[in-house]
Amino acid sequence: QQDTDPQIAALLLRRQWTLYSVSPLYRFSDSHLSGYARLLSAFIAAEKQKGLAVEIGVELDIKVVLSSFPDLKGCDQDQAALLVQLSSKSKSSTKNSEEKLVWSGWFCSVFGDYLPESVTEDFTCLPLFLVNGAESYTSIVGSWFQKTFDCCFRRLAISPLNLSWMAAIWTGCKLDKTSSAMELIFSVPCLPPLDISYSIHAEDANALWDTIQKTPGEITQEEVDVFMNSLYSHFHRHFRIHLSATKLMKVSTTIASAHCDGIVKFLQSQYLTQVLMLLTDLAVSQIE
């Protein structure tokens, strides 16, 4: 695994991202980003003023920047990633004062095997959308993209089955430096709700996975099931609790963390592409 471009890693790592899936964008063009930024900026200002029209080009409280990242993709068929950034500057501040980043959104496709026959060259496929920032801005930006490019956004949840795959895959990732413990959080169906946190030393989880995985680089559902059942058996031996009767809610490892509500955090540039590939696959599976 290669480290991701440092600029991209700096923008993505250690922030909390909320996941969405996005249908293909109609007549989107990388060559019109500055024009899109002006239009989106005016749309945000109009929304903030409850629909009053705002002249395009007037200096606004919110600055919009759209940037293309051709390096953030898995293969040549993938589209270049698109980063949308909203920055604010208070009205009372000086001309040269620093702008504060208030919202970021990434459209991307990493090994996104998503080319249905119905998708023509008029469409741009960037099925995974990651958001960091206030939900109010997500709603406004999403609304503008939907109206402008005739696309549809949907919150992307992560099922317990997919979380167990992430636990197994990320456990199998080898790192040069010391790994932190793997933590699994389960929800117990009772009133009041109860969560169980289960931590496993990274070396122990890795050793267990090495005894299970038959072909390096290939993972089967059976192997994931054996891995999780082994962890459940160990827990039951000590605490007499059947984790199989609970719901896996969150997985945290040295590589990344993921919550069933569709919230992720990337922690290693070395495996960033691999994690984004998993998430792209999830986003693609949700688009009809």
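Of the chain's 288 residues, 46% count as buried (under 20% relative accessible area, with a 1.4 Å probe and protein chains only). This is a predicted model: local features need pLDDT of at least 70, side-chain atom pairs count only at pLDDT 80 or more, and totals for chains, interfaces and linings use all residues. Residues are numbered from 1 along each chain as its sequence is written, and side-chain values use heavy atoms, with hydrogens and water left out.

Q: How many helices and strands are there in the chain?
A: Helices are DSSP runs of H or I with at least four residues, and strands are runs of E with at least two, numbered from the N terminus. The chain has seven helices and 13 strands.

Q: What distance separates the centres of domain 1 and domain 2?
A: Domain 1 covers 6–155 and domain 2 covers 160–260. These bounds come from an automatic or database domain assignment. Taken over C-alpha atoms, the centres are separated by 34 Å.

Q: Are H4 and H7 roughly parallel or roughly antiparallel to each other?
A: Axes are lines fitted to C-alpha atoms, for helices over the stretch in contact, and angles run from 0 to 180 degrees between N-to-C directions. The axes of H4 (residues 160–171) and H7 (residues 272–286) come within 12 Å and cross at roughly 160 degrees. Angles over 145 degrees count as roughly antiparallel. H4 and H7 are therefore roughly antiparallel.

Q: Which residues in H7 do Asn162, Met166, Ile169 and Trp170 in H4 meet?
A: Contact means heavy atoms within 4.5 Å. By that test, the four named H4 residues meet Gln274, Val275, Leu278, Leu279 and Leu282 in H7.

Q: Which word describes how H2 and H3 lie to each other?
A: The axes of H2 (residues 33–48) and H3 (residues 135–149) come within 10 Å. They cross at roughly 125 degrees. Angles under 35 degrees are roughly parallel, over 145 roughly antiparallel, 65 to 115 roughly perpendicular and the rest oblique. H2 and H3 are therefore oblique.

Q: Is Gln85 buried or exposed?
A: Gln85 is found in strand S4 (residues 81–88). Leaving out residues up to four places away in sequence, Gln85 touches Leu11, Lys63, Val64, Val65, Ser67, Leu101, Trp103 and Ser104. Its relative accessibility is 17%, so Gln85 counts as buried.

Q: What share of contacts in the chain between residues at least 6 apart in sequence join residues at least 24 apart?
A: The contacts considered are between residues at least 6 apart in sequence. Those joining residues at least 24 apart make up 68%.

Conventions: Buried < 20%, exposed > 50% of the residue type's maximum accessible area, 1.4 Å probe, protein only.
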